[in-house]
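Welcome, and please take a moment to look over the chain before reading on.

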Amino acid sequence: MVAIRSVLVLCTGNSARSILGEALFRRHGAGQWLAFSAGSKPKGTPHPGALRLLQREGFDPASFRSKSWNEFIGPAAPTIDLAITVCGNAAGEACPVFPGSPLRAHWGLPDPADVTGDDAAIDAAFAETWRLLEMRVNAFRALELEGMNRQQVQIELSRIGQMEGAA
């Protein structure tokens with residue numbers, strides 16, 4: 001039986017995809033798990049397109065910040081049960097060693113922060129990333145973790161990572 005009480009969504013800059021992932025895990029996991037996001041080389045602030053989308057989705061954008069994954073290692077850090085990378089860069093980097101050896105998954109998606117143009121074009125890219133991440137979070141929520149062992153969960157996490165839009 002696998003128990004997941006905390007999820008850390010990782011990306012390089014922690015300004016777009018990982019922050020959206022954190023928001024979705026917060027929304028859909030309220031009471032089930034804690035959600036966090038971080039980056040290996042955080043940009044320092046969330047992307048304006050991410051902040052606009054979070055506002056439209058009813059979140060307080062001020063409750064999100066770009067931070068280093070170093071906050072999630074060490075004795076004072078929260079225990080992480082599942083670490084999910086959402087960009088190709090983070091998947092190839094050496095991840096920190098989390099206490100308790102969390103499950104790991106790669107749910108790579110194109111970076112909406114790379115889109116150029118007016119706010120409408122950027123917002124459309126962020127909306128598509130949100131849609132693809134929400135599809136993955138919902139697939140995760142549908143798993144019957146109580147009846148699964150660690151290897152079975154890992155297989156399902158990999159399957160979720162190959163859903164529509166995988167990068």
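## A first look around

Asn-14 sits in the loop that links strand 1 (6–11) with helix 1 (17–29). Please keep in mind that this is a predicted model. Although Asn-14 is not a glycine, its phi is positive, at about 45°. Is Asn-14 buried or exposed? Asn-14 has a relative accessible area of 1%, and under 20% counts as buried, so Asn-14 is buried.

| Pair | Angle | Axes | Crossing |
|---|---|---|---|
| Helix 1 and helix 2 | roughly 15° | within 10 Å | right-handed |
| Helix 4 and helix 5 | about 155° | 10 Å apart | right-handed |

Let us begin with helix 1 and helix 2. Angles under 35 degrees count as roughly parallel, and helix 1 and helix 2 cross at roughly 15°, so these two helices are roughly parallel to each other. Helix 1 brings Ile-19, Leu-20 and Ala-23 to the contact, while helix 2 brings Ala-50, Leu-53 and Leu-54. The residues of this contact are six nonpolar, no polar and no charged.

Now turn to helix 4 (residues 119–141) and helix 5 (residues 150–161), which pack at an angle of about 155°. Angles over 145 degrees count as roughly antiparallel, and therefore helix 4 and helix 5 are roughly antiparallel to each other. Here the contact joins Arg-136, Ala-139 and Phe-140 of helix 4 to Leu-157, Ile-160 and Gly-161 of helix 5. Four residues of the contact are nonpolar, one is polar and one is charged.

## The nonpolar cores

In soluble globular proteins, nonpolar side chains tend to be buried together. Which residues have the most contacts inside the largest nonpolar core? They are Phe-25, Trp-107 and Phe-140, in a core of 41 residues. Two or more residues come from each of several elements, including strand 1, helix 1, helix 2 (48–56), strand 3 (82–85) and strand 4 (103–106), along with helix 4 and helix 5. Helix 4 gives the most, with eight residues.

Leaving aside residues up to four places away in sequence, Phe-25 touches Val-7, Val-9, Ala-30, Trp-33, Ala-35, Ile-84, Trp-107, Val-137 and Phe-140.

Definitions and conventions:
Residues numbered from 1 in each chain as written. Predicted model: local features only at pLDDT ≥ 70, side-chain atom pairs only at ≥ 80, totals over all residues. Heavy atoms only, no water. Helix = DSSP H or I, 4+ residues; strand = E, 2+ residues; numbered from the N terminus. Buried < 20%, exposed > 50% of the residue type's maximum accessible area, 1.4 Å probe, protein only. Axes fitted to C-alpha atoms, helices over the stretch in contact; angles between N-to-C directions. Parallel < 35°, antiparallel > 145°, perpendicular 65-115°, else oblique. Left-handed = near helix turned anticlockwise from the far one by under 90°. Contact = heavy atoms within 4.5 Å. Nonpolar A, V, L, I, M, F, W, Y, C, P; charged D, E, K, R; others polar. Core = buried A, V, L, I, M, F, W, Y, C linked by side-chain atoms within 4.5 Å.
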